[in-house]
Amino acid sequence: MELRVLRYFLVVAREENITRAAALLHVTQPTLSRQMMQLEEELGVKLFRRGKYRIVLTDDGVLLRRRAQEIVDLAEKTEREFQRQEGALTGEIFLGSGELRAMSFLAEHLAAFRREHPLIRYQMYSGNADNIKERIERGLLDFGLLLEPVDISKYEFLRLPVKEEWGALVSEGHPLASQEALTPEDLAGTPLLLTGRELVQQLFAQWMGPYAGEIETAAQGNLPYNTAMMARQGMGVFVTLRLHCAYEGLRFLPLSPPLEAGTVLVWKKDQVFSPAAEQFLQYIKHVV
């Protein structure tokens with residue numbers, strides 16, 4: 001499979017129309033149709049279901065779209081890693097992070113590092129620890145900022161000097177909103193909005209102690225803003241981290257007893273970095 005053909009395939013998959021895709025790619029429609037048929041022959045599967053006005057992906061096509069996007073992303077990342085400018089440190093650094101207060105600490109040092117090396121660019125990916133670890137494994141990220149508890153046995157890591165505080169976002173009209181903190185007894189039997197990460201759910205169940213059997217999960221989510229909107233509409237109490245932001249109609253209440261979590265900056269063991277990423281690693285090791 002040629003990289004060029006995979007790029008063509010991704011445009012066709014996105015547009016669901018050969019004519020539109022051909023125009024965007026600046027090739028003729030017969031040429032693009034032939035390329036797609038040759039790709040199907042090469043793989044020995046049907047990638048598209050062709051209708052009168054649009055084409056849609058088969059199950060095999062959906063799988064190839066995912067793999068093709070990974071291949072194209074990795075190829076583009078590799079090309080950028082080898083970009084050089086005489087006498088200056090250049091290139092891109094690829095980082096992933098959850099929405100964490102520790103990101104403020106990391107951003108402070110990213111900014112300081114960029115002041116020393118202004119030609120370096122950064123690519124940020126936001127997701128939970130599982131998403132970020134997957135992208136590190138696929139070579140799409142250099143570093144990941146992860147919330148503990150998390151399995152980091154396969155990684156080198158630096159523990160950041162920042163603690164994350166767990167609490168809950170409660171709608172202003174909720175019966176618990178007038179309290180100064182929330183106890184396990186308060187949350188027992190209360191509809192909750194929780195993260196989908198299993199290790200974090202286990203941590204919360206441990207905090208609930210004898211009330212763990214009374215955890216009532218109304219919904220799970222991985223993006224705080226979207227889950228906060230459900231909490232604002234009264235779907236439940238959103239168990240989340242304290243962040244440097246506020247949501248209209250919601251009040252953040254800490255947990256009592258307090259529940260804190262650490263954060264770690266991780267990278268693959270025996271990772272061969274680009275010059276920019278290697279220089280940043282040495283910098284951050286020095287300041288942490």
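**Pockets and helix contacts**

Modeller: In this predicted model, the lining of the largest pocket draws at least two residues from each of helix 6 (129–137), strand 5 (143–147), strand 8 (191–195), helix 9 (224–232) and strand 10 (237–241). Strand 10 gives the largest share, four residues.

Colleague: How much space lies in the largest pocket, and which residues lie nearest its centre?

Modeller: The general idea first: a probe the size of a water molecule, rolled over the atoms, shows where empty space is left. Here the largest pocket holds about 410 Å³. Its lining counts 26 residues, with E99, N128, T195, N222 and P224 nearest the centre.

Colleague: How does the lining of the largest pocket divide by class?

Modeller: There are 15 nonpolar, nine polar and two charged residues in that lining.

Colleague: What is the volume of the second largest pocket, and which residues line it?

Modeller: Its volume is about 170 Å³. The lining consists of D73, K77, R80, F94, Q123, M124, Y125, R135, L140 and L141. Helix 4 (59–81) and strand 4 (120–126) are the elements that contribute two or more of these residues. By class, the lining of the second largest pocket has five nonpolar, one polar and four charged residues.

Colleague: Now the helices. At what angle do helix 1 and helix 2 pack?

Modeller: A packing angle is taken between N-to-C directions. Helix 1 (residues 3–15) and helix 2 (residues 18–25) pack at about 135°, and their axes are 8 Å apart. The two are therefore oblique to each other. The crossing of helix 1 past helix 2 is right-handed. On the helix 1 side the contact uses Y8, V11, V12, R14 and E15, and on the helix 2 side I18, R20, A21, L24 and L25. Seven residues of this contact are nonpolar, none is polar and three are charged.

Colleague: What is the handedness of the crossing of helix 5 and helix 10, and which residues meet?

Modeller: Helix 5 passes helix 10 in a right-handed crossing. From helix 5, L106, H109, L110, A112, F113 and E116 meet A276, Q279, F280, Y283, I284 and V287 of helix 10. This contact comprises nine nonpolar, two polar and one charged residues.

Technical notes:
Residues numbered from 1 in each chain as written. Predicted model: local features only at pLDDT ≥ 70, side-chain atom pairs only at ≥ 80, totals over all residues. Heavy atoms only, no water. Left-handed = near helix turned anticlockwise from the far one by under 90°. Contact = heavy atoms within 4.5 Å. Nonpolar A, V, L, I, M, F, W, Y, C, P; charged D, E, K, R; others polar. 1 Å grid on protein atoms, 1.4 Å probe; cavity = no way out; pocket = protein on both sides within 12 Å on 5 of 7 lines; lining within 4 Å. Points joined across faces, edges and corners; volume = space filled by probe spheres on them. Axes fitted to C-alpha atoms, helices over the stretch in contact; angles between N-to-C directions. Parallel < 35°, antiparallel > 145°, perpendicular 65-115°, else oblique.
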